[in-house]
Amino acid sequence: MADRIALASSIAAAIGLLFTGYQVWLLNRQARHDRRVVLDGVAVSWRPVEAPSHQEHKDGTSTWVYEVVLANPGRLPIDDVRIRWTFPCNVVRLRTGGVTDPPTDTLTLLAPVVVGGGERTWRRHLLIDYAQKPHLIETYAKVTFNDVDGHERTNRWPRVPRKPI
């Protein structure tokens, strides 16, 4: 009789141990997934705060004002943030006092640190050829940053290239 009780007790303990191990495995798997989602979710978005409705300058350009926002959805900070914002045409950045940068199809935005759950916002005034307005849908950004473990990551937004309208 004692042997049967010992055997049943051993079987119950083994089943409990297997169940516990399975639960730990599921928790670890979920934690890896959550971490990947948070890192993949570091996003760049942009919107024209002021969009022209016609050509404003004799050279065919118009002034656009964009707001660019970087969002870090995770609980932990990211650092050494570099955004490469790429346009389908050349743009000219207008700086304070009327100073202009040379034409380029890529602008770089930097932030030393973005806290967990935080955002960083930039406002840029750009001269863009008004004839290129329909092609601006092809604009994209790549954000490169270091996670809390010091690993460099790059995310592209939108994730896949969009087809022109």
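# Close-up views of a predicted model

**View 1. A salt bridge ties Asp 40 to Arg 153.** The closest N and O atoms of this pair are 2.4 Å apart. A salt bridge here is a side-chain nitrogen of Lys or Arg within 4 Å of a carboxyl oxygen of Asp or Glu. Asp 40 belongs to helix H1 (residues 2-40), and Arg 153 belongs to strand S7 (residues 152-157). The two residues are 113 residues apart, so the pair links distant parts of the chain. Helices (H or I, at least four residues) and strands (E, at least two) are DSSP runs, numbered from the N terminus. Arg 153 is partly exposed, at 23% relative accessibility. Buried means under 20% relative accessible area, exposed means over 50%, and partly exposed lies in between (1.4 Å probe, protein chains only). The model is predicted: local features need pLDDT of at least 70, side-chain atom pairs count only at pLDDT 80 or more, and totals for chains, interfaces and linings use all residues. Residues are numbered from 1 along each chain as its sequence is written, and side-chain values use heavy atoms, with hydrogens and water left out.

**View 2. Glu 67 and Arg 47 meet in a salt bridge.** The N to O distance is 3.4 Å. Glu 67 is in strand S2 and Arg 47 is in strand S1, 20 residues apart. This pair, too, links distant parts of the chain. Glu 67 is partly exposed, at 21% relative accessibility. Arg 47 is also partly exposed, at 46%. A search of the whole structure finds 5 salt bridges.

View 3. Asp 101 is partly exposed, with a relative accessible area of 23%. Arg 95 is partly exposed as well, at 38%.

**View 4. Five residues form one aromatic cluster: Trp 46, Trp 64, Tyr 66, Trp 85 and Phe 87.** Rings of Phe, Tyr and Trp (its six-membered ring) pair if their centres lie within 6.5 Å; planes under 30 degrees apart count as stacked, over 60 as edge-to-face and the rest as tilted. By this rule the count comes to 5 aromatic pairs. Trp 46 and Trp 85 have ring centres 6.3 Å apart and planes at 55 degrees, so they are tilted. Trp 46 is in strand S1 (residues 43-50) and Trp 85 is in strand S3 (residues 78-94), 39 residues apart. The rings of Trp 85 and Phe 87 are also tilted, with centres 4.7 Å apart and planes at 50 degrees. Both Trp 85 and Phe 87 are buried. For Trp 85, the relative accessibility is 0%.

**View 5. The largest nonpolar core has 27 residues.** A nonpolar core is a set of buried Ala, Val, Leu, Ile, Met, Phe, Trp, Tyr and Cys residues joined through side-chain atoms within 4.5 Å. Among the residues with the most contacts inside this core are Val 44, Leu 70, Ile 83 and Trp 85. Elements that give two or more residues to the core include S1, strand S4 (104-114) and strand S5 (119-129). The largest share, 7 residues, comes from S3. In soluble globular proteins, nonpolar side chains tend to be buried together.

**View 6. The charged end of Arg 156 sits over the ring of Tyr 140.** The charged end is 4.1 Å from the ring centre. A charge sits over a ring if NZ of Lys or CZ of Arg is within 6 Å of the ring centre and within 35 degrees of the ring normal.

**View 7. Asp 80 has a positive phi although it is not a glycine.** The angle is about 50 degrees. Asp 80 lies in strand S3 and is partly exposed, at 37% relative accessibility.
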